[in-house]
Amino acid sequence: MEDWIRSLRGIILDNLRRNGMPLPIDRAICNRWTSGLAEGGKRVLYTSCMYQLAPLIAKAVDLLQKVGASSGGLRARLAAAGAKLFGGLALKPSEEETRRAENILRNIAAMLAKSGVQFGVLKDEPYSGALLYELGFEDDFASYAKEVYRYFKERGVEEVITVDPHTHYTLERLYPKYVDGFDLKVVSYMDLVRPSKAVVNRVVIHDSCLYARFLDKYDTYRRLLDSVGVVHIEDPYITGKAYSGCCGGPVESVRPDVASEVAKIRVKQLSRLSDVVVTVCPICYVNLSRAASGLKMYDLAEVIS
């Protein structure tokens, strides 16, 4: 397993150096959704390419399982030996996956505009570096975070609007610890929009652990659903702030087999309350979707507008 984790670090760092993303992708998938939006400015809508990357992470996890990265022993060592080949591949989402991610981001942009929020976009925005920190590569993260901060400052950015919990936590809670003088204001789109309608009536919410337990957003997306008349079924042991379960995402790149089993358990819990599930994190959506046969899965920005 140590061989694989070392190789994983090499894959991520190599791709960040080459194209500013942690996976070998065509960067065009990150900015296609920005067509027609104003560029630059002091306040920017920053995606960190998370919604576009999420389905590719699922493809990478499937590949890891096939080559035996999670099995340990000889197979894991062979997987590590093949990491350079894996890093050289160009992962591509399906057109359906790309359109879904773009529709989510365009809806967020539209809700912000309708709510009177002025913002620009950055067509070459870099990845936040969240995965480096989450995998424990702290020194690499500290160095990379300084580069991303410098990128924002060189473009005159003063405020960043985030769209997912991993990027928000990274910028708001981690960057100030690792970047001297960090002074960007970080705000979630959920704190700015005022939706007027919804496409579903009754749901169960799968909470992001970062939003619910570390960023104090547990009630934020519930209030948004309330504002457009969406009933969310609650149970203290399934959707409670203290007891709601994990999607499996945190271990998917090192133990995809464990991540899969965790997702199955979580889907079974959620299905007791509703067959319509709303997520607020693209990683949660991908992990749960792989185990959610029979359930309808949505991102919050697919439900409200």
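I count a polar contact as a pair of N or O atoms within 3.5 Å; within protein, one must be able to donate a hydrogen and the other to accept it, and residues adjacent in sequence count only if both atoms are side-chain atoms. The model I am browsing is predicted, so I keep local features at pLDDT of at least 70 and side-chain atom pairs at pLDDT 80 or more, while totals for chains, interfaces and linings use all residues. Residues are numbered from 1 along each chain as its sequence is written, and side-chain values use heavy atoms, with hydrogens and water left out.

**Entry 1: Asp191**

I started in the loop between strand E3 (185-188) and strand E4 (202-206), where Asp191 sits; helices (H or I, at least four residues) and strands (E, at least two) are DSSP runs, numbered from the N terminus. I found a polar contact of 2.4 Å between the side chains of Asp191 and Lys217. Contact in general means heavy atoms within 4.5 Å, and beyond its neighbours within four places in sequence Asp191 has Lys217 and Thr220 in contact. Is Asp191 buried, exposed or partly exposed? Its relative accessibility is 39%, so I log Asp191 as partly exposed (buried is under 20% relative accessible area, exposed over 50%, partly exposed in between, with a 1.4 Å probe and protein chains only).

**Entry 2: His206**

Next I went to strand E4 for His206. At 2% relative accessibility, His206 counts as buried. Which side chain does the side chain of His206 make a polar contact with? I noted Arg266, at 3.0 Å. Leaving aside neighbours within four places in sequence, the contacts of His206 include Cys246, Cys247, Leu270 and Val278.

**Entry 3: helix H11**

Thr220, from my first entry, came up again: the buried residues of helix H11 (residues 220-227) are Thr220, Tyr221, Arg222, Leu224 and Leu225. Their cover includes E4, helix H10 (209-214), strand E5 (231-232) and helix H14 (300-303). Just after H11, I saw Gly229 take a positive phi of about 75 degrees.

**Entry 4: H8 against H9**

I then looked up helix H8 (residues 138-154) and helix H9 (residues 165-178), which pack at about 105 degrees with axes 10 Å apart. Axes are lines fitted to C-alpha atoms, for helices over the stretch in contact, and angles run from 0 to 180 degrees between N-to-C directions. On the H8 side, Phe141, Ala145 and Tyr149 are among the residues that meet H9, whose own set includes Leu174 and Tyr178.
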